Amino acid sequence: MIIARAARPVLARGAIRNTRLAHGHPENTVYNMPFDYRNPKTFAVKIVAYCSLGFAIPFIAAAYQLNKSAGADA
């Protein structure tokens, strides 16, 4: 109750709302991801390719190792 009463003047002045833009550049607050996701179709293709490649690497490595060891017996 006391904290809420003490915070009223601060909230009324809008000091809390304006602090986010005061600490950084406003152009960096919206697009701060390391990749571009503004085009949903391109982003979907890229994320599916990235995830499927990451999932397939162990299987590709296992197939390579099996083929490599099978070729050594001949």
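How many helices and strands does the protein have?

1. The protein has three helices and zero strands. Read from the N terminus, the order of elements is α-α-α. Helices here are DSSP runs of H or I with at least four residues, strands are runs of E with at least two, and numbering starts at the N terminus.

2. This is a predicted model, where local features need pLDDT of at least 70, side-chain atom pairs count only at pLDDT 80 or more, and totals for chains, interfaces and linings use all residues. Residues are numbered from 1 along each chain as its sequence is written, and side-chain values use heavy atoms, without hydrogens and water.

3. Check the confidence next. pLDDT is the predictor's confidence in each residue, from 0 to 100. The protein averages 74, and 49% of the residues score at least 70. Where pLDDT is low, the predicted coordinates should not be read in detail.

4. Of the 74 residues, 1% count as buried. Buried means under 20% relative accessible area, exposed over 50%, and partly exposed in between (1.4 Å probe, protein chains only). The protein exposes about 7100 Å², with 67% of it supplied by carbon and sulfur atoms.

5. Now look at helix α3, residues 40-73, where Val48 lies. Val48 is exposed, at 55% relative accessible area. Ile47, Val48 and Tyr50 form a nonpolar patch on the surface, with about 340 Å² of accessible area together. Nonpolar side chains join such a patch within 5 Å, if each residue has over 30% relative accessible area and no salt bridge (a Lys or Arg side-chain nitrogen within 4 Å of an Asp or Glu carboxyl oxygen).

6. The count comes to one aromatic pair. Phe55 and Phe59 form this tilted pair, 5.4 Å centre to centre with 50° between the planes. Ring centres must lie within 6.5 Å; planes under 30 degrees apart are stacked, over 60 edge-to-face, and the rest tilted. Phe55 and Phe59 are four residues apart in helix α3, so about one helical turn separates them. Phe55 is exposed at 58% relative accessibility, and Phe59 is exposed at 54%.

Conventions. Patch = residues over 30% accessible without salt bridge, like charges linked within 9 Å, V, L, I, M, F, W, Y side chains within 5 Å. Areas by Shrake-Rupley, 256 points an atom, 1.4 Å probe, with all protein chains shown as cover. Phe/Tyr/Trp six-rings, centres within 6.5 Å; stacked < 30°, edge-to-face > 60°.
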